[in-house]
Amino acid sequence: MPTPDEFKNYADARPRGGMPYGTAPIPDEEYATLASWLSQPAPAPALVPPDALPAPIVEQVETWESFLNGTSLKERITVRYLYEHWFVTHLYFRSHPSGPFFRIIRSSTPPGQVAREIATRRPYDRPGKSRFWYRLAPIRETIVHKTHVIYDLNSERL
């Protein structure tokens, strides 16, 4: 374990050493606790399959996807603006405040079909396809508080 005076040489010699950013490791007691937790089996979280969304949610998704895929120039510019601002949020419907939560994505498939996300590095990058659709994709992974930025979709906003 390097002392504070030795740390620069240690970090230069081992840029990937230690815990994140080359800091000192956690005490053995804490490491044993973490290892013990990881060795215990835990049930997988219950995921809602796409076809199991409640009917009222499906209706609201269809309504919003219809709006998001308007064809006039005004609608297309508005939705692009929304997409570039909503891409980091978890969208939900006010009638169901505890979820399910959705992400807005660009898809190569239209509403009514399984969404196939067109991934880009940044939300303002070109999707690489001449025709795409904005879709609401259910979030299937575990919600992490530090990235859970919520935005409610409701009839007033629509």
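Does R157 count as buried, partly exposed or exposed, and at what relative accessibility? Select R157 and take a look: at 41% relative accessibility, R157 counts as partly exposed. Keep in mind along the way that this is a predicted model.

**Stop 1: around R157**

The side chains of R157 and D152 meet in a salt bridge, with 2.4 Å from N to O. D152 has a relative accessible area of 9%; the cut-off for buried is under 20%, so D152 is buried. Now bring in R94 and E156 too: R94, D152, E156 and R157 are linked in a network of salt bridges. The structure holds eight salt bridges, and two further ones are worth a visit.

**Stop 2: helix α4**

Select R80 and E84. Their salt bridge has its closest N and O atoms 2.7 Å apart. Both sit in helix α4 and, because they are four residues apart, about one helical turn separates them. R80 is partly exposed at 40% relative accessibility, and E84 is partly exposed as well, with a relative accessible area of 24%.

**Stop 3: helix α1**

Next, pick K8 and D12, whose side chains form a salt bridge at 3.0 Å from N to O. Here the helix is α1, residues 7-13, and K8 and D12 are again four residues apart, so about one helical turn lies between them. Both K8 and D12 are exposed.

**Stop 4: the largest nonpolar core**

Time to go inside. Which residues have the most contacts within the largest nonpolar core? Select W86, F93, F102, I104 and L136: these are the ones, in a core of 18 residues. Colour α3 (55-68), α4 (73-86), β1 (90-93), β2 (102-107) and β3 (133-138), the elements that each give two or more residues to this core. In soluble globular proteins, nonpolar side chains tend to be buried together.

Zoom in on F93. Leaving out neighbours within four places in sequence, F93 is in contact with I57, Q60, V61, W64, F102, L136 and L153.

**Stop 5: H90**

Finally, select H90, which lies in strand β1. Is H90 buried or exposed? At 11% relative accessibility, H90 counts as buried. Show what surrounds it: not counting residues up to four places away in sequence, H90 touches F101, F102, I139, I143, T147, H148, V149, I150 and Y151.

How values were computed. Residues numbered from 1 in each chain as written. Predicted model: local features only at pLDDT ≥ 70, side-chain atom pairs only at ≥ 80, totals over all residues. Heavy atoms only, no water. Core = buried A, V, L, I, M, F, W, Y, C linked by side-chain atoms within 4.5 Å. Buried < 20%, exposed > 50% of the residue type's maximum accessible area, 1.4 Å probe, protein only. Contact = heavy atoms within 4.5 Å. Salt bridge = Lys/Arg side-chain N within 4 Å of Asp/Glu carboxyl O.
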